[in-house]
Amino acid sequence: MREIIFDTETTGLDPRNGDRLVEIGCVEMVNRVTTGATFHCYLNPDRDMPAAAEAVHGLSAAFLADKPRFHEKAAEFLEFIGDSMLVAHNASFDFGFINAELEACGLEPVSKTRMIDTVALAKVRHPGAKLSLDALCSRYGIDRSHRTLHGALLDAELLAQVYVELTGGRQIGLELAGARQETIAAPVAMPVRERVFRPARPHSASEAELAAHAAFLESVKSPLWNE
């Protein structure tokens with residue numbers, strides 16, 4: 001099963017207000033194990049960068065000025081994601097920006113039936129707890145010490161680890177499907193023990209034991225069994 005864990009960085013919170021994508025990061029997973037294949041690009045939004053947004057991801061308008069526009073990277077992005085399920089943290093936000101950019105290019109939006117939201121998964125697993133990516137990394141002991149600013153590819157890599165934990169844990173993800181099938185199918189040879197015949201041991205009381213028992217009974221005064 002192929003899945004794409006992805007994240008985006010933007011100029012703001014709402015593409016309907018003119019906000020644009022400035023970074024996309026994707027990580028490929030097969031059978032819940034990362035393959036090492038990634039897609040990453042910075043994008044020129046053709047607009048200014050609000051100070052609040054730059055404080056989050058550190059991407060300035062000057063840095064993005066010579067980067068490609070989304071329409072120049074759209075085909076490569078769509079080829080990478082293929083028809084796989086798409087996993088994101090607060091996925092409706094990322095889907096909203098991706099689809100706004102695709103529609104601006106005259107391309108079909110990505111169906112939300114392919115969306116897996118790790119925030120929704122975390123709400124079920126940890127009701128009432130903090131659900132930010134940082135909080136989930138702390139909960140699962142995932143090292144994020146190198147994360148000083150938000151970055152789409154870095155956050156997608158962290159989210160891939162969180163996603164494995166939310167869906168069953170790392171041990172499951174380390175098993176390949178083929179290995180599991182072999183384990184199930186392979187018969188287990190059990191050692192066969194040779195049975196040794198032992199004759200029955202005598203359990204009858206000896207003459208001396210019977211005499212001792214009779215003497216004991218004679219010593220009992222007013223036994224109940226005589227009433």
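How many salt bridges does the count come to? I was working from a predicted model, and the count I noted comes to 9 salt bridges.

Entry on the sheet. I looked up the strand order and found 5 strands forming an open sheet, S3-S2-S1-S4-S5, with mixed pairing. The edges are strand S3 (33–42) and strand S5 (115–117), each of which pairs on one side only. From one strand to the next I noted an average twist of 25°. I then followed strand S4 (residues 85–88), which pairs with S5 in the parallel sense over 3 bridges, and saw that Ala 88 stands opposite Asp 117 in S5. Helix H3 (residues 70–81) packs on this sheet, where it touches strand S1 (2–10), strand S2 (21–30), S3 and S4, and its direction makes about 170° with that of S3.

Entry on the salt bridges. Within helix H3 I looked up Glu 76 and Lys 73, whose closest N and O atoms are 2.8 Å apart in a salt bridge; the two residues are 3 apart in the helix and therefore separated by about one helical turn. Glu 76 is partly exposed at 40% relative accessibility, whereas Lys 73 is buried at 18%.

Salt bridges that share partners also join Asp 19, Arg 47 and Asp 48 into one network. In it, the side chains of Asp 48 and Arg 47 meet at 3.3 Å, N to O, with Asp 48 partly exposed at 48% relative accessible area and Arg 47 partly exposed at 26%.

Last, I checked Asp 14 and Arg 16, whose side chains meet in a salt bridge of 3.1 Å, N to O. Asp 14 counts as buried at 18% relative accessibility, while Arg 16 is exposed at 75%.

How values were computed. Residues are numbered from 1 along each chain as its sequence is written. This is a predicted model: local features need pLDDT of at least 70, side-chain atom pairs count only at pLDDT 80 or more; totals for chains, interfaces and linings use all residues. Side-chain values use heavy atoms; hydrogens and water are left out. Two strands pair if DSSP finds at least two bridges between them. Helices (H or I, at least four residues) and strands (E, at least two) are DSSP runs, numbered from the N terminus. Axes are lines fitted to C-alpha atoms, for helices over the stretch in contact, and angles run from 0 to 180 degrees between N-to-C directions. Contact means heavy atoms within 4.5 Å. A salt bridge is a side-chain nitrogen of Lys or Arg within 4 Å of a carboxyl oxygen of Asp or Glu. Buried means under 20% relative accessible area, exposed over 50%, partly exposed in between (1.4 Å probe, protein chains only).
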